[in-house]
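My entries are below, in the order I made them.

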Amino acid sequence: MFLIFGALFYSSHAQDFIINGTLVDSKNKNPLEAATIVVETVKDSSMITYTITGKEGKFKLAGKTYNDKANLYVTFVGYAPYSKRIDLTSSRDIQLGNIPLEFGVETLGDVVVKARAAPVTIKKDTLEFNVASFKTKQDASVEDLLKELPGVEVDAQGQITINGKPVNKILVNGKPFFGDDPTIATRNLTKEIVDKIQVVDTKTESEAFTGEEGDDQNKTINITIDKDKNKGIFGRVAAGGGTDKRFEYAGLLNYFDNDRRLSILGGGNNINSPGFSFGEIEKMFGNARYARVNSNGSFAINGRSFGGGEGITNSRTAGANYVDVIGEDNDVSVDYFYTAANSFEEEQRERETTLPNRNFFSTSNSRTESNNDSHAVNTRFEVKIDSTFLIEARPQFTYTEGDNSSTRSEETRNVDGELTNQSNVGNNSYRQGRNFENRLSATKRYGSGGGFIRMEMENDINDTDTDNLLASNTQIFGDSTTVIDRDQLTDGKLASNGIELSGEWRIPLIAEKMFLRAEYRYDNTRREDKQSVYDFDDGSNAYENFNLAQSTDFTNTDRSSRPELSVNFNNDKMRVRLGAGYVFRTLESKDALRDINFSNDFNALVLNARFSYNFTKKTSLFSGYYLDNNAPGVRQLSPYIDVSDPLNTVQGNPNLKPANEHSIYMGINNYDWQTRTGFNSYLNASFANDRVVNRSTIDESNVRNTTYANVDGFYSIWANASYSKNIEIDTLRTLKYDVSMGVNANRNVNFNNDVQYASNTIAYRPELELRFIWQDLFEIRPSYNPAFSKNTFNLDVFEDRNFVTHEVRLRTTTYYPKKLQWENDIRFINNPNVAAGFQKNSVFWNSSLGYSILDDSATITLKAYDLLNQNTNAQRVATEDYIQDVQSTVLQQYFMLSFSYKFNTLGKKGEVRQNNWFDD
């Protein structure tokens, strides 16, 4: 350990250098902002450092190297490249003065022909990374590559943020890759085939076609495949087996032929690994739920959950994706997905509930087994009639089938230990669902000022059939005992048919800069909910006695229309949008079994505003405001009394009003390419009146009756700020640190046994992470993440609560000897607030050891999950009116040996010409 940290300060006689200069246009002498300057070694062209010019065209390159000379390259879109050999021994502070660049020399559009590719290029609305400039470990995936890019963060679940903004779409050569799951591309495509990583604001295909501004809160990554490697077959297969009958397998086959792509994948495991992946160490955690403080003050200790469900899940996945260009400008993509899962879980819960005048205690035990299968087909057609007319169609088909078997026993006692109610429930259900969705869009541009007309239609048809067998016994104790026995069959059918029509006309007021937009949207959704409940008849030995009280036959309609006008202004620096609309909404419900029919109108003004400003190529601000009107749900309005659960009856409230919610957001992003520092901040706040909440009363037998009510005074405020910096110690060693602070404050208004109260929560979550990399030797990544939360209440019966948790994490990777890779991920959790009998401290350690063979085409890996065997899945959750302890089935320690093999026949079209511009 001493040697590791000592390496941070040991320079090995590497010499420091600073290079200063200013880039200007050769004719008008104007400064050139956002040009890229790179310093490389003379021997093998390895990048030493790079930067991007500031607003005044100035740059400052600071670095450390063992070399006496280096090559300096300058590239800027639309200008001729510049190069110079630098003598680093002449001075530690090298002044190059003004460097003139000639415009339009040896360029082709946005591509610099003779220049070496810059590590980072900033275009009008695109941030572009040259993959070859960033070094990664052997066999690196696109996700591994993204972690090395400046300003990019990737968490353990594969969620990506760029300069603080989340990525919600991944494209490959501008086309979708296996639908909307970005991790299939980032975790399974390898770095070696990638040419560029491009980052833009998220846009629909139609928005990109018309040149509209995109979503300023989300980003899209486009992975461009090297043109010399865009034809051939490549992929990867892997399989592993371990102790406790654990297994995993996965395979991905890709055929690329320029615009035509075919990909096939398949996989499965019983180690709770969500989605499709090859089981790398971070994926072994799944969607981990460790001890934490939630926004409402609750916390959980040493628990875990996964994408396939709680407990133990055996999952399978298979799929295919086809992308092609038909003719010159007609794009088509089709993908098919099959997913299946079998899950098992046993759970025990103990809860203490606090009421204004008493407490009571409940205990439950449950066991659940489920089987689910799903088939999905997603298609996308994009037809360009001409350069001004685009038609899109996106039909989607889904078929699901599943069954579930569960048992549950529960009992409730008062403070004297007396039994107030108890129940035993057995349930077996079967579900079959079919869904069709389609989006059809036609966009016509006109004139040269940016005007267009767009028409869209979206429809959604869903049909679900269910069969449910229920056997239950419920006993309610009081002055007399009430026994409710049920032996029932429920024949259910849920059907919905929705259509949305919209039109938009954008009228240029100032060509390409200022627009008036007129929009209209009509939405009509009809839902049928028929649940026919039949009691068992002992005489006929069949389920044939129709139970009217528990059966339903609803037809609900949600119909709305929304005209809207907005004004947009865009230029190179600023984007502004101001919009106002009015919503006419009608909710109707008809009950074919009872005389419960109603129709409510909810009409309201809606507002929206967006503003963004780019101070420089490095610094930008974005903000927005929304006024939304959220109508209650039909079931919340319906006076029908739902008695399906004897211990919790529910009845709607037809007098509910719609909630009005004001939302604002604001953020500032800055990444300084010269100092390798990044700062991001974000604020989001929501305020609502007439918010719909549950209003429950609990009688002396602890039977709950629930309805709904409107309340005022809700707010939620979330803010986050982060700062990161890369320190290049020399060409081999890099230190990066990240510091962030998140704050959440909210006020909720609810009811406790019909008594209204308000709860206020404020939570702080600071985080510090260090990352030290010694190239080709090791990487060490410690982090510390405490969490503090305070809950206060305006009801004396509730005690104010304070929660604290501490999490220390250490991730290490060693790459020595050359073909051996050892990864560790260790978490230490401290929970000083937990009750007696629960672990206050726990350590969770995963480890893997991989060895490369067959010229690095194959890897043998030994993995250890929960090396210290401390995963108990015990949780404690505390809210304003109850404290609950939960113990459930958990994936426990195992060891697995796996083998993976990658193959690649992608061919080259020819060698790229490189000019030798330097003379010794």
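The entries that follow go from single residues to strands and loops.

**Ground rules.** I am working on a predicted model, where local features need pLDDT of at least 70, side-chain atom pairs count only at pLDDT 80 or more, and totals for chains, interfaces and linings use all residues. Residues are numbered from 1 along each chain as its sequence is written, and side-chain values use heavy atoms, with hydrogens and water left out.

**Threonine 36.** I looked up threonine 36 and found it in strand E2, residues 36-41. Strands here are DSSP runs labelled E of at least two residues, numbered from the N terminus (helices, H or I, need at least four). Threonine 36 is buried, with a relative accessible area of 1%. I take buried as under 20% relative accessible area, exposed as over 50%, and partly exposed as in between, with a 1.4 Å probe and protein chains only. The side chain of threonine 36 reaches the backbone oxygen of valine 120 at 2.4 Å. I then listed contacts, meaning heavy atoms within 4.5 Å. Beyond four places in sequence, those of threonine 36 include Thr51, Tyr73, Ala118 and Val120.

**Nonpolar cores.** A nonpolar core is a set of buried Ala, Val, Leu, Ile, Met, Phe, Trp, Tyr and Cys residues joined through side-chain atoms within 4.5 Å. I found 41 residues in the largest one, and Phe129, Leu146, Ile160, Ile197, Ile221, Ile223 and Trp673 have the most contacts inside it.

**Salt bridges.** My criterion is a side-chain nitrogen of Lys or Arg within 4 Å of a carboxyl oxygen of Asp or Glu. The structure holds 48 of these salt bridges. In one of them aspartate 201 meets lysine 219, with the closest N and O atoms 2.7 Å apart. Aspartate 201 lies in strand E16 (residues 194-202) and lysine 219 in strand E17 (residues 215-225), so the pair ties together parts that are 18 residues apart in sequence. Aspartate 201 is buried at 16% relative accessible area, and lysine 219 also counts as buried, at 16%.

I next looked up arginine 439 and glutamate 392, whose closest N and O atoms are 4.0 Å apart in a salt bridge. Arginine 439 is in strand E30 (residues 419-446) and glutamate 392 in strand E28 (residues 389-393), so this pair ties together parts that are 47 residues apart in sequence. Both arginine 439 and glutamate 392 are buried.

Arginine 408 and glutamate 410 form a salt bridge at 3.6 Å, N to O. Arginine 408 is partly exposed at 34% relative accessible area, and glutamate 410 is partly exposed at 23%. I also noted one network of salt bridges with shared partners, which joins Glu212, Arg454, Glu504 and Arg517.

**Strand pairing.** Two strands pair if DSSP finds at least two bridges between them. Strands E31 (residues 451-476) and E32 (residues 482-510) pair in the antiparallel sense over 25 bridges. A hairpin joins E31 to E32 through 5 residues, and threonine 474 has isoleucine 484 in E32 as its bridge partner. E32 also pairs with strand E33 (residues 514-537), antiparallel over 22 bridges. I see isoleucine 510 opposite methionine 514 in E33. The hairpin of E32 and E33 has 3 residues between the strands, and glutamate 512 in the turn has a positive phi of about 65°.

**An open sheet.** I recorded 4 strands in an open sheet of mixed pairing, in the order E39-E40-E44-E43. Strands E39 (641-642) and E43 (691-698) stand at the edges with a single partner strand each, so one side of each is left without a neighbour in the sheet. E43 pairs with strand E44 (residues 704-711) in the antiparallel sense over 8 bridges, with isoleucine 698 opposite arginine 704 in E44.

**Backbone angles.** Which residues does a cis peptide bond join? I found it between tyrosine 816 and proline 817, with omega about 0°. Proline 817 is in the loop between strand E50 (801-814) and strand E51 (820-830). Lysine 29 has a positive phi, near 65°, and is not a glycine; its loop runs between strand E1 (15-25) and E2. Aspartate 690, also not a glycine, has a positive phi of about 60°. Aspartate 690 lies in the loop between strand E42 (677-689) and E43, and is buried at 16% relative accessible area.

Note on methods. A polar contact is a pair of N or O atoms within 3.5 Å; within protein, one must be able to donate a hydrogen and the other to accept it, and residues adjacent in sequence count only if both atoms are side-chain atoms.
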